[in-house]
Amino acid sequence: MRPWGAPHTQSQNSGPGMKHRTFFWFFLPTALAMLIFIAAPIVSVVLQSLFVPHEAVLVETENCGPFGCTTSVVIDQEATEDLRAEQPLGRFAGLEIYLDRGHLATAEVANAWTSSSSIGEFMSAIGDLPFYRAMSFTLTYTFVVTPLLIALGFVIALAVNSLSQRIKGLMIFFSLLPMIVNPLVGSLILFWMIDSRGVIGELIQYLAGDPSLSLKASTPLMWIAVIVYGVWHSAPFAFVVFYAGLQTVPQDTLESARIDGATRWQQTRYVVIPHLMPLVTFVALIQLMDNFRVFEPIVGFNASAHATSLSWIIYNDLGGETNQLSAAATTSVLTIIGVAILLSPVLVRTWRDYRGKA
Amino acid sequence: MSAIDRRKPVSLKVASTIFIVVWFIVAAFPFFWTLWGSFKVELDFFSIADWTNAITGKLTDEIYGRPFTGAGYYGAWVQEDFWRAALNTGIVCFFVVCTSLTIGTLGGYALSRSGHNYVFWLLIAALIFRAMPPITLVSGYLPPFFAWNLWGYLPTAIIVLVAINQPFTLWMLHSFFQKIPIDLDESAKVDGCTQFQAFRHVIIPVMWPGVITTGLFSFLLAYNDFAVTTMLLNEQNRTMVPKIAAFLGTTYTEGNVMFAVAAVVSAIVPLFLLVMLFQRQIVSGLTAGAVKG
C-alpha cells in the first residue's frame, strides 16, 4: 500500500528533462491540495496547541435595592467580542497546555515522584494520567504487534510458497481480507466473536473453566485482544511482501547450498532470510508508523476503559460535546512528534539511497 | 523453490499443511461466521444457551419460521437509513478516485520526467505527509470549516480525502511512469508536441495499468476512512464506516446489535468483490515499493 523505496530520480544525462515552468503547471494542482489540506493544517494544529480560547469577560455588577445589595456576575458580551476579534487565535498559552494534567502533566509527575516510595507506586500513579496511559498502550501495541506480525507473515509466506499454484491464489485471496477491511469493521467482527456470548468468548470460558470470564472486564485480556487483532490485521501485509520476495530468491545460491549439504533449516537461515532482510526492514519501518496510530480497534472493541491510544485521545477530545480543540491539537502535535521519531530512519534510508545513486 | 519441495520430509509437509489450514481458518472464518450470523436473531448470534444455535438458528426458526431472517438488513438499510450511508460512500469514493487520479497523474508524470533536484525533496515532503496520521490533521480543519460553513458536506470530505491521498498516489505513479521509456514522449516533443500534448497523446494511452492499480488504493483509502469522515461529515452525510460507528452507540442500548452486524457485512461485501476482481493488482501495488527498494 505504500511505495517507500528510494525515489529513482531521472539521471541528468538521460535527456533534457522537463522545463521548470512546465513542471510547475503539471505539479500545481497536487501541490495546492497538499499545501492547503496537509501542510496548512499542521501549522494550524501547532498554533492551536499554543493558544487557548478566550474565556468570556466577566463583570461584577452590584444591584442595590431596598433590601440591601447583591452582586451578580454577568458576561460582558461586548468586551468578549472585542477581545475575540482582537486576538482571534485566543490567549497565548505557550507550553501551558502541553504541561497540563491532560498531556505531559509535569506537576503531577513531579508530585508522584516525590510522594511515591517505590518505582512500582510511581508507575501506577503515572499510569492514571491520561497521556501516559495512552502512551503506554500505544507503545506496547506498536512494539509487540510489529515483531509478531513480521514473524507470522514470514511463516505464512514460506508455507504458502510451497503450495500448488491454484491453492496459492485462494490463500492470498483470503489472507488479503483481514488487511483490506477497515480496522473498525474488522475489529467489530472479532469483538462480536470474543464477546462473552460469542463463539470464541464461550470457547475461552470453557477452556478456562470460568463461565463468568469476560474480556470486556479485564484490562490484560483486553490488551491481548486488541494486540491479537493488530497482528491479524497486519500480518497479511508482511505475508504479501515476503511472498513476493521469495519469488526472487536466487535459485543458484540455494542450489549450491544444497550441494554443500545445507539442511533445509540452514538454507532458510543462511540464504532465504538474508535475501528477505531488506524487506523485513521495510515492513518493520512501515508497520511501526502504522501501529503507532492505532485507533479504530479501540473504538471497535469499545476498549477505552482499559486501553487508549494517542489517536483515540484526539478522537475523544474532538468528538465530545465540547470541542476541545486546543487539547486535541496538543495531543496531535505530540503524536506527530512520535511519528517523526519513527519516520526518521525511513528518511535517513531514503536519503542514503538517493546519495548512493546520485 | 520447486526443487526443495520434491525432497520435503513428511513431517515438515504435515506441519506446513496444518499451519496453512489454521491460518486459513483464522483469516477467513470470522468473515463467514459473521456473514452466516447476520441472518439470525440476536439471541442466536450471541448465544447464551448453546453456541450451536448460531449455526442452526434455533431461535430464529422459532420467531420467523425459518432459520434465516433478513430482519437485521431490513433494520439497518430501511429503518436506520443505511442506504443513505452506502450512497454517500459511493459518491465519496467515485469523486475521490477521479480527482485524486487526475491531479496525481499530472503530478506523478511531472516528477518522473523532471531531472531536477527538487524532485527528490518533493518526494521526501510527500513521504512526510504520508506518515501524518489523518486524525492529527482534523483539529486543524475544524475551525476554518466551521467559520466558513463548510463543515458537514460531502465535497469538503472529498477534497480532504483527495489531499490526504496525494502523497501515496504521487509515489506510486512516479515509480510507475519511470518504467515508461522517456524516449516515447521525447520523440513526440521532437516532432513538435508540447509537453502536455506528448502526455495527452503518447503517455495517456499506455498508462492505464498503473493508474488502475493506484486507483484501487485510492478507492480503498476513501472507502475505509474513518478518522476524517466521522469528524467532518454531519449525520445526514455520513458514509458507511462512521455510520457503523454511530450504530454502536445506539444499538447496544436499544438491543439492535443485529443492525450493526448486517451493516458491517454490507460494508464488507464490496471489498470482497474488489479483492476477487483485482487481487493481482492489489498484490502488485502492495509490493511495488518494497521489492525494488
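This is a predicted model: local features need pLDDT of at least 70, side-chain atom pairs count only at pLDDT 80 or more; totals for chains, interfaces and linings use all residues.
**Which residue forms a salt bridge with Arg113(B), and how far apart are the closest N and O atoms?**

Residues are numbered from 1 along each chain as its sequence is written, chains are lettered from A in the order in which they are written, and side-chain values use heavy atoms, with hydrogens and water left out.

*Solution.* 
- Step 1: A salt bridge is a side-chain nitrogen of Lys or Arg within 4 Å of a carboxyl oxygen of Asp or Glu.
- Step 2: apply the rule. The partner of Arg113(B) is Asp185(B), with the closest N and O atoms 2.7 Å apart.
- Step 3: Arg113(B) sits in helix H7 (residues 82–113) of chain B and Asp185(B) in helix H11 (residues 182–190) of chain B, so the bridge ties together parts that are 72 residues apart in sequence. Helices here are DSSP runs (H or I, at least four residues), numbered from the N terminus.
- Step 4: check accessibility. Buried means under 20% relative accessible area, exposed over 50%, and partly exposed in between (1.4 Å probe, protein chains only). Arg113(B) is buried at 2%, and Asp185(B) is buried at 0%.

**Now find the salt bridge between chain A and chain B, and say what it is linked to.**

*Solution.* 
- Step 1: count. The whole structure holds seven salt bridges over all chains, and the count between chain A and chain B is one.
- Step 2: name the pair. Glu42(B) pairs with Arg197(A), the closest N and O atoms being 3.9 Å apart.
- Step 3: locate both ends. Glu42(B) lies in helix H3 (residues 42–45) of chain B, and Arg197(A) in the loop between helix H8 (183–194) and helix H9 (199–208) of chain A, so the pair joins two chains.
- Step 4: look around. Arg197(A) is partly exposed at 26% relative accessibility. Asp195(A), Arg197(A), Lys216(A) and Glu42(B) are linked in a network of salt bridges.

**Describe the rest of that interface.**

*Solution.* 
- Step 1: count residues. With contact taken as heavy atoms within 4.5 Å, chain A puts in 104 residues and chain B 116 residues.
- Step 2: take the area. Buried area is the accessible area (1.4 Å probe) that two parts lose on being put together, summed over both. Here that comes to about 10400 Å², 76% of it on carbon and sulfur atoms.

*Solution.* 
- Step 1: confirm the bridge. Glu255(A) forms a salt bridge with Arg258(A), the closest N and O atoms being 3.2 Å apart.
- Step 2: find the spacing. Both are in helix H11 (residues 251–259) of chain A, three residues apart, which puts about one helical turn between them.
- Step 3: compare. Glu255(A) is partly exposed at 38%, whereas Arg258(A) is buried at 12%.

*Solution.* 
- Step 1: recall the background. Most residues other than glycine have a negative phi.
- Step 2: read off the values. Phi is positive in Ala105(A), near 50°, and in Asp81(B), about 60°.
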